[in-house]
Protein chains: 2
Amino acid sequence: MRKFLNDPKAFVPEFLEGIALASGGTLKYEPKYNLIYRADMPKKDRVSIIQGSGSGHEPAHTMIVGPGMLDAACPGDVFAGPPVEFVTETSKLMDTPAGVLFIVNNYTGDRTAWEMAKELCEAEGQKIGYLLVNDDVAVKDSTWTVGRRGVAGNFFVIKAAGAMAEKGGSLEECVRVGEKVISQVRTMGIALSSCTPPVRGTPLFEIADGEMEVGIGIHGEPGRERRKMGTATEIVDVLLNVIVPDLPFKSGDEVALMVNGLGGTPISELYLLYGIAHKKLAAQGIKVFRSYVGEYCTSLEMAGAHISLLKVDAELKSLLLAPAEVAVRVF
Amino acid sequence: MRKFLNDPKAFVPEFLEGIALASGGTLKYEPKYNLIYRADMPKKDRVSIIQGSGSGHEPAHTMIVGPGMLDAACPGDVFAGPPVEFVTETSKLMDTPAGVLFIVNNYTGDRTAWEMAKELCEAEGQKIGYLLVNDDVAVKDSTWTVGRRGVAGNFFVIKAAGAMAEKGGSLEECVRVGEKVISQVRTMGIALSSCTPPVRGTPLFEIADGEMEVGIGIHGEPGRERRKMGTATEIVDVLLNVIVPDLPFKSGDEVALMVNGLGGTPISELYLLYGIAHKKLAAQGIKVFRSYVGEYCTSLEMAGAHISLLKVDAELKSLLLAPAEVAVRVF
C-alpha cells in the first residue's frame with residue numbers, strides 16, 4: 001500500500017481529528033460517533049442539515065461541513081454506511097425546532113441506517129426531512145443499491161439545501177430545492193484504476209492498464225462495461241451520450257458542469273476533460289452557467305472521473321452562488 | 001498509462017484551454033505562448049505578477065491565476081521550463097508602468113529563461129521585479145538545481161505578493177513581502193510512488209511498494225535517501241525534524257501549516273498527516289495560525305506529500321487572509 005497511515009483501523013478517526021484541528025475551532029470532532037460538526041450549530045430558528053455515508057469519498061462529506069453546506073457529518077468506516085446510533089446521536093446533537101434534514105445517498109446500507117434513524121428520531125418528537133440522492137445514470141441496480149446510486153451530484157443537493165437553510169428557509173423549502181436538484185442532476189463516471197481500502201490492504205478489484213470501467217461505482221461496483229481505454233474525447237462522448245439524453249438536457253438549457261476526480265487523477269486531466277465537455281455541450285446549445293472541476297466525491301486513490309450536469313434555473317443559480325465555507329479550500 | 005488524454009503532445013494546450021473555458025470569461029488562453037491570463041489585466045496603476053515553470057505541477061501555476069494571485073502564467077511542457085519567448089511575450093502583455101513581478105522557482109531551466117527575459121524586458125524599458133523561491137530544505141543541490149529547490153512554498157510567496165499588488169502596493173513592496181515569505185518558509189516532501197509524464201509514457205523513476213523517497217523533488221529528483229516505508233507519525237517526524245530546526249521555528253512562533261498532496265494521494269491521508277503535524281508543533285509551542293491542506297504543487301499523479309511551514313507576523317497574516325479567487329475552487 002502506498003499510503004500515509006498509522007494503524008489502518010484508525011484511518012478514519014485520525015483524518016477526522018485532522019479536519020477538526022485544521023478548522024481553527026470552527027469544527028468539532030466527537031470520536032464516539034465519528035462525528036464532525038459545526039461548533040456554532042444548531043441554531044433555534046435554522047434547519048440543520050446532516051449526512052453520513054461511507055468514508056473514502058473525501059472531501060464528501062466530512063470535509064464539506066461548514067456554513068452554507070452540511071452542519072454535521074457522521075461517516076461509517078471506509079465504504080461502509082454509518083451505524084444507526086451514529087445517525088440518531090448526530091440528529092439529536094443538531095436537533096432544532098426548525099427541523100433536521102437528512103441527505104442520504106442511495107445505497108442499501110446508508111438507507112437502512114438513515115430510514116431507521118428517521119423513525120427513531122421522529123418517535124422522539126424531532127422534525128425530520130429526508131432527501132435521497134440518486135444521480136448516477138450508469139446502472140439501474142448495482143452491487144449495494146436498488147435503483148440508481150448517489151454520487152457526485154450529492155454536492156449540488158447539499159449546496160442548494162445548505163444555502164436555503166443558511167438564509168432561513170423552512171425544512172419544507174430545503175426539501176423542495178433539494179428535490180429540484182435531484183430531479184435535474186445526472187452523473188456518470190469512468191475508472192482507469194482500482195483503489196485499496198486501508199484495512200483490506202489489497203485492491204478492491206482488478207483493472208488492467210489500458211482498460212476502463214464505464215459507469216464505475218464509487219465503491220468499485222461494476223458499471224455498464226469493461227472496455228479498451230479510449231481517448232479523452234471518446235470518453236467524454238461515452239459519458240455525455242448517456243447523461244444528456246437521460247434528463248434530457250436540451251438546447252437552450254443552462255447547466256452547472258462538474259468534472260469530478262475520483263482521487264488519483266491529476267486536476268490537469270480533469271480540466272482537459274472539462275474543456276472537451278464544455279465544447280461538446282456548447283455545440284448542442286447547452287450553456288455552462290458555472291464550472292466545478294476538482295475532487296468532490298472520490299473513491300480513495302482511484303484514477304477516474306465523473307461528469308455531472310445540473311440543469312439550473314434562476315433559483316438554483318442563486319443558491320449555487322450563495323457564500324459557503326468548508327474544510328476543503330484553497331486560501 | 002492510466003490517464004485521460006488525446007494526443008500526449010497536446011496535453012498541456014488541452015488542459016489550458018479547459019481552464020479558460022471553465023473560467024466563464026475571466027481568464028483567457030493564448031495558445032501561441034501557453035499563456036493563461038486575467039482578462040481584466042494589466043491595469044495602469046497596479047503591479048502585474050507572472051510565473052511560468054514546467055507543467056505537471058497543477059494547480060501550480062496555471063490554475064492559480066486570478067484576483068489576488070497571479071495575473072498570468074506561461075508554463076512550458078511537462079517538467080520543462082518555458083522558452084524565453086513565452087516569458088518575454090507574457091511580460092509584454094502584462095506590462096504596466098507600475099512594473100511586472102517575476103516569481104521564479106529555483107530550477108536551472110526556469111532561471112535561465114526568466115533571467116534572460118528580465119534582461120530583454122528591461123532593455124525594452126519595462127520595470128521588472130524578481131523573486132526566487134527556494135523553500136525545499138531536502139537537499140542543497142539537485143538534478144536540475146543549484147541551491148535549494150522551489151516547491152509548495154511558492155503558493156505563499158504568490159499569495160502575499162498578490163495581495164500586496166491587489167491592494168495597490170508598489171513593485172518594491174510586492175518584492176519586499178515576497179522576500180519576507182521566502183526567508184520564512186520551509187518545505188520538505190516524501191514520495192510513495194513515481195509518476196508518468198504523458199509524452200514519455202513510462203514512470204520517471206522506480207520505487208517499490210513499501211519504500212519511500214525522503215526529500216523527493218517535484219520532477220522525481222532524488223531526495224536525501226530511499227527508505228523503508230514508515231508510519232504516518234514517523235513520516236511527519238522525519239519531515240518536521242528537518243524543517244523546524246532549519247529556520248529555526250521556535251516556541252511562541254505562529255505559522256501557516258501546509259500539507260500539500262503530490263497528486264495521487266487522497267485528501268483523507270493529507271488530513272491525517274495534518275492532524276499529526278499540528279499536534280507535534282503544538283507540543284513544541286508552535287501555534288498554527290491557518291491550515292492549508294490539499295493540492296498546491298503536484299507532480300502529476302505521484303503519491304506523496306510535502307509539509308510546509310511559514311512563520312507569520314501581523315503583515316503576513318493579513319496578506320494570507322486577503323480575498324483571492326482562482327480557477328481551483330470548491331464553489
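1. Helices (H or I, at least four residues) and strands (E, at least two) are DSSP runs, numbered from the N terminus. With elements named in this way, B:Leu70 falls in the loop between β3 and β4 of chain B.

2. The model is predicted: local features need pLDDT of at least 70, side-chain atom pairs count only at pLDDT 80 or more, and totals for chains, interfaces and linings use all residues. Residues are numbered from 1 along each chain as its sequence is written, chains are lettered from A and ligands numbered from 1 in the order in which they are written, and side-chain values use heavy atoms, with hydrogens and water left out.

3. Chain B has an open sheet of 6 strands, in the order β1-β2-β4-β3-β5-β6 and with mixed pairing. Two strands pair if DSSP finds at least two bridges between them. At the edges are β1 (27-30) and β6 (128-133) of chain B, each of which pairs on one side only. Strands of a sheet pair through backbone hydrogen bonds, either parallel or antiparallel.

4. β1(B) runs antiparallel to β2 (residues 35-38) of chain B, and 4 bridges join the two. B:Lys28 has B:Tyr37 of β2(B) as its bridge partner. Across β1 and β2 of chain B lies helix α1 (residues 11-22), at about 155 degrees to β1(B). Axes are lines fitted to C-alpha atoms, for helices over the stretch in contact, and angles run from 0 to 180 degrees between N-to-C directions.

5. Helix α5 (residues 171-184) of chain B lies across β5 (100-105) and β6 of chain B, and runs at about 5 degrees to β6(B).

6. β3(B) has parallel pairing with β5(B) over 3 bridges and with β4(B) over 2 bridges. B:Ile50 is bridged to B:Phe102 in β5(B), while B:Gln51 stands opposite B:Ala73 in β4(B). B:Ser48 and B:Ile50 point one way from β3(B), B:Ile49 and B:Gln51 point the other way, and all are buried. Buried means under 20% relative accessible area, exposed over 50%, and partly exposed in between (1.4 Å probe, protein chains only).

7. Is B:Leu70 buried or exposed? B:Leu70 is buried, as its relative accessible area is 0%. Beyond its neighbours within four places in sequence, B:Leu70 is in contact with residues including B:Ile49, B:Ile50 and B:Gln51, as well as B:Arg38 and B:Ile158. Contact means heavy atoms within 4.5 Å.

8. The buried residues of helix α2 (residues 84-93) of chain B are B:Phe86, B:Val87, B:Thr88, B:Thr90 and B:Ser91. Among the elements that cover them are β2, β3 and α3 (108-123) of chain B.

9. The contact between the chains takes 64 residues from chain A and 64 residues from chain B. Together chain A and chain B bury about 5700 Å², 61% of it on carbon and sulfur atoms. In chain A, A:Arg2, A:Phe4 and A:Phe331 lose the most area to chain B, together 19% of what that side buries. Buried area is the accessible area (1.4 Å probe) that two parts lose on being put together, summed over both.

10. A:Arg329 lies over the face of B:Tyr292 at 5.7 Å from the ring centre, and B:Arg329 lies over the face of A:Tyr292 at 5.7 Å from the ring centre. A charge sits over a ring if NZ of Lys or CZ of Arg is within 6 Å of the ring centre and within 35 degrees of the ring normal.
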